[in-house]
Number of protein chains: 2
Amino acid sequence: MSVVVVGVGHTKFDELWDKSLQDLLFQAQHEALIDAGLCTTDVDKIIVGSMSSQSLLRQSLLGCVASEVLGISVPSYHIDAACASGGVAIHAAVAEIQAGRADVVLVSGVEKMSDASVEQVTSAMINAGDIETEAFCGATIPGLFALVARAYMHLHGATREDFAHVSVKNHAHGFLNPLAQLRKKLSIQQVLNAPVVADPLTLLDCSPISDGAASLVLCSSDFAKKLNVKSIAITASQVATDTVSLALRDDLATFKATKKAATKAFAQAKITHQDIDVIEVHDAFSVAELMALEDLGFFKPGCAAQATRDGVTSLHGKLPVNPSGGLKAKGHPVGATGVAQAVEIVKQLQGRCEQRQVPNARIGLTQNVGGIGTTVAIHIFEKREQ
Amino acid sequence: MSVVVVGVGHTKFDELWDKSLQDLLFQAQHEALIDAGLCTTDVDKIIVGSMSSQSLLRQSLLGCVASEVLGISVPSYHIDAACASGGVAIHAAVAEIQAGRADVVLVSGVEKMSDASVEQVTSAMINAGDIETEAFCGATIPGLFALVARAYMHLHGATREDFAHVSVKNHAHGFLNPLAQLRKKLSIQQVLNAPVVADPLTLLDCSPISDGAASLVLCSSDFAKKLNVKSIAITASQVATDTVSLALRDDLATFKATKKAATKAFAQAKITHQDIDVIEVHDAFSVAELMALEDLGFFKPGCAAQATRDGVTSLHGKLPVNPSGGLKAKGHPVGATGVAQAVEIVKQLQGRCEQRQVPNARIGLTQNVGGIGTTVAIHIFEKREQ
């Protein structure tokens with residue numbers, strides 16, 4: 001059965017001091033329903049992706065919270081897959097439609113991080129590492145990504161400038177996105193001269209701490225025909241995993257989970273890399289975008305840096321990557337990110353992205369990562385004649 | 001498509017000081033695979049239900065942890081629905097099979113609670129309440145269930161002795177279950193004279209703090225035919241929700257989510273209450289068993305207490321309830337409970353329960369509650385001729 005997106009919602013990503021988690025969930029869900037031309041009473045099921053609602057906000061049962069803020073009581077649940085919570089929530093929502101258990105599923109990602117201190121957020125985020133071998137030893141997520149960056153530099157001869165080009169590109173894109181948190185163009189020198197967070201990564205290699213939510217309304221293609229909206233098909237939905245502990249991996253410069261999920265996704269969508277017009281990848285740290293592009297198969301190992309320098313992945317390049325600004329500039333409310341990536345791709349395929357629009361985009365892909373490449377969700381979206 | 005259980009696993013429930021979360025997950029999953037006659041390489045997907053892994057253990061990505069302990073890397077994810085995490089995980093696993101995305105799904109519930117202090121556990125559990133209107137005001141889960149118990153007493157004229165009969169029955173059942181945490185028979189006087197936790201509930205009206213895990217191997221009925229095992233069909237899988245905040249409800253003496261899920265489950269399984277031979281309900285607090293039996297429709301409102309006193313719900317009564325000992329005596333590692341209930345029903349239908357076997361059980365039901373009746377998962381299982 002073919003599953004389609006019929007509505008999208010996306011709050012501003014920022015430090016939203018005057019918004020609660022409930023406010024954010026309401027806003028994104030409400031906007032998605034309006035976009036689909038549906039009422040709250042049309043919703044059959046709600047799935048929410050979020051990572052830190054328990055560790056930072058002390059709130060469980062987020063599915064019920066998402067239902068309550070809409071004033072309805074529908075079957076609902078919450079998925080935690082760290083920073084891939086949003087992407088995995090979409091994966092679960094697709095199954096609900098395919099299983100024939102629901103006509104309309106509202107799937108959201110949400111995170112409210114800025115109410116906590118930086119120390120509390122840093123502590124909450126390392127829950128995505130291995131508690132026994134990493135967190136107990138004092139590792140942080142930026143620290144573990146710095147290990148990955150060093151391995152990548154060692155293997156491919158990449159430089160800090162290579163990483164900086166990713167940040168500069170994504171900030172240039174985010175400058176054009178009204179929903180982005182950091183709408184500020186950067187120079188290579190600014191990235192290189194920024195304070196070091198975890199060597200070799202500077203503050204401007206890292207995505208920010210953000211609040212935000214994003215939502216999709218999913219239904220079957222048959223059901224969508226009854227609605228007077230232009231739908232976008234989800235032609236592939238794949239999740240793959242790797243070991244939680246980095247110590248168990250034989251290579252740090254590649255994320256096997258991306259490779260596995262990508263192989264299955266291209267087969268499921270029955271397309272090749274040449275068919276893809278636009279992609280959103282998980283650039284939580286600048287090096288991660290280069291790795292994503294290589295692990296997805298768009299560039300050979302070690303070659304994504306030069307392509308980035310050459311503008312291939314820029315908005316007007318051959319393969320626009322992260323036109324939204326990516327996690328780096330758009331912001332990274334962790335559980336929201338996977339759904340927000342999907343919202344961007346759907347809007348690109350619908351031609352609704354104004355200044356950052358990729359011309360004639362027909363097929364797009366999202367790659368959403370939880371932990372240090374520990375779980376990866378990949379979705380492929382396609383605009384079809386209707 | 002018909003979904004069946006082909007293997008079950010269940011650790012001892014107890015304060016397991018020498019077992020980690022990883023140990024418990026490994027043991028339950030391994031036992032379920034052995035029971036199904038399958039290898040780790042046969043597993044297509046893993047889903048884990050757990051509530052407090054982030055708040056107490058600081059570990060996210062539990063799906064990947066569950067995969068890693070088996071030495072495999074398969075698509076996996078983690079569902080948090082508070083104390084209903086296990087039941088909701090089964091619900092999601094059923095969709096994976098029905099959607100045709102996986103042949104073999106390993107679904108587990110797990111919780112490791114005893115490493116934390118009682119204060120930490122009490123604090124982690126109130127995450128299942130409403131953070132804004134309940135937790136911030138100092139409410140605890142036992143405190144909120146005491147409100148519910150008072151409302152039930154007020155409406156139906158029920159007494160503390162009525163509640164005590166539930167605990168006495170379930171301890172008598174748990175005494176016969178080698179996997180139960182509290183294998184000790186109780187008297188009514190012992191329950192009434194125990195220290196008050198939250199008036200009117202005493203320590204012996206409350207389920208204990210526990211460690212444990214339970215697993216099921218699910219597949220389609222077609223796939224099961226290839227295996228040389230006796231499968232049990234899942235003929236209904238329903239989840240329903242209510243408001244998170246108790247202040248938004250018009251009646252505290254009933255859980256609407258149980259009623260909604262039950263109505264749909266009986267319709268889905270195409271059976272009546274008379275067809276049910278054995279049930280496991282969510283007696284996190286003694287009053288909750290009485291409410292469950294009434295909300296499920298087995299007794300009229302206010303009548304479950306007399307039925308319990310009359311022995312109707314005892315092992316050798318007309319409708320055996322919680323033959324495992326229930327949450328009260330078997331233990332309540334919160335995320336594991338929903339899956340553990342299913343394990344008990346499957347074993348009852350397979351005639352593997354020895355001293356606590358319900359004779360000739362053919363159809364059984366589980367009711368798993370998250371929060372204060374905030375989300376409820378109901379499953380119906382049936383032994384079919386093979």
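Which residue in β3(B) does Ile47(B) stand opposite? In this predicted model, Ile47(B) faces Tyr77(B) of β3(B). The close-up views below start from that pair.

**View 1. Strand β2 of chain B between its two partners.** Strand β2(B) covers residues 45-49 and is joined to β3(B) by four bridges, the two strands running parallel. Five bridges join β2(B) to strand β4 (residues 104-112) of chain B, again in a parallel arrangement. Ile47(B) takes part on each side: Tyr77(B) stands opposite in β3(B), and Val107(B) stands opposite in β4(B).

**View 2. Burial of strand β2 of chain B.** Five of the five residues of this strand (residues 45-49) are buried, and the strand is mostly covered. In a regular strand the side chains alternate between the two faces of the sheet. One side of β2(B) carries Lys45(B), Ile47(B) and Gly49(B), and the other carries Ile46(B) and Val48(B). Both faces are covered.

View 3. Strand β4(A) spans residues 104-112, and because nine of its nine residues are buried, the strand is largely enclosed by the rest of the structure. Val104(A), Leu106(A), Ser108(A), Val110(A) and Lys112(A) lie on one side.

**View 4. Pairing of strand β4 of chain A.** Strand β2 (residues 45-49) of chain A runs parallel to β4(A), and five bridges join the two. Within this pair, Ile46(A) has Leu106(A) as its bridge partner. Strand β7 (residues 211-220) of chain A runs antiparallel to β4(A), with nine bridges between them. Here Val107(A) is partnered by Leu216(A).

**View 5. The largest cavity.** The structure holds five cavities of 30 Å³ or more, and the largest has a volume of about 60 Å³. Chain A contributes Ser50(A), Met51(A), Ser53(A), Gln54(A), His78(A) and Asp80(A) to the lining of this largest cavity. From chain B come Met51(B), Ser53(B), Gln54(B), His78(B) and Asp80(B).

**View 6. Make-up of the cavity lining.** Two residues of the lining of the largest cavity are nonpolar, seven are polar and two are charged. At least two lining residues each are supplied by β3 (76-80) of chain A, α2 (53-57) of chain B and β3 (76-80) of chain B. Among the lining residues are His78(A) and Asp80(A), together with His78(B) and Asp80(B).

Key:
Residues are numbered from 1 along each chain as its sequence is written. Chains are lettered from A and ligands numbered from 1 in the order in which they are written. This is a predicted model: local features need pLDDT of at least 70, side-chain atom pairs count only at pLDDT 80 or more; totals for chains, interfaces and linings use all residues. Side-chain values use heavy atoms; hydrogens and water are left out. On a 1 Å grid over the protein atoms alone, a cavity is a set of points where a 1.4 Å probe fits but cannot get out, and a pocket is an open set with protein on both sides within 12 Å along at least five of seven lines; lining residues have an atom within 4 Å of a point. Grid points are joined across faces, edges and corners, and a volume is the space filled by probe spheres set on the points. Ala, Val, Leu, Ile, Met, Phe, Trp, Tyr, Cys and Pro count as nonpolar, Asp, Glu, Lys and Arg as charged, and the others, Gly among them, as polar. Buried means under 20% relative accessible area, exposed over 50%, partly exposed in between (1.4 Å probe, protein chains only). Two strands pair if DSSP finds at least two bridges between them.
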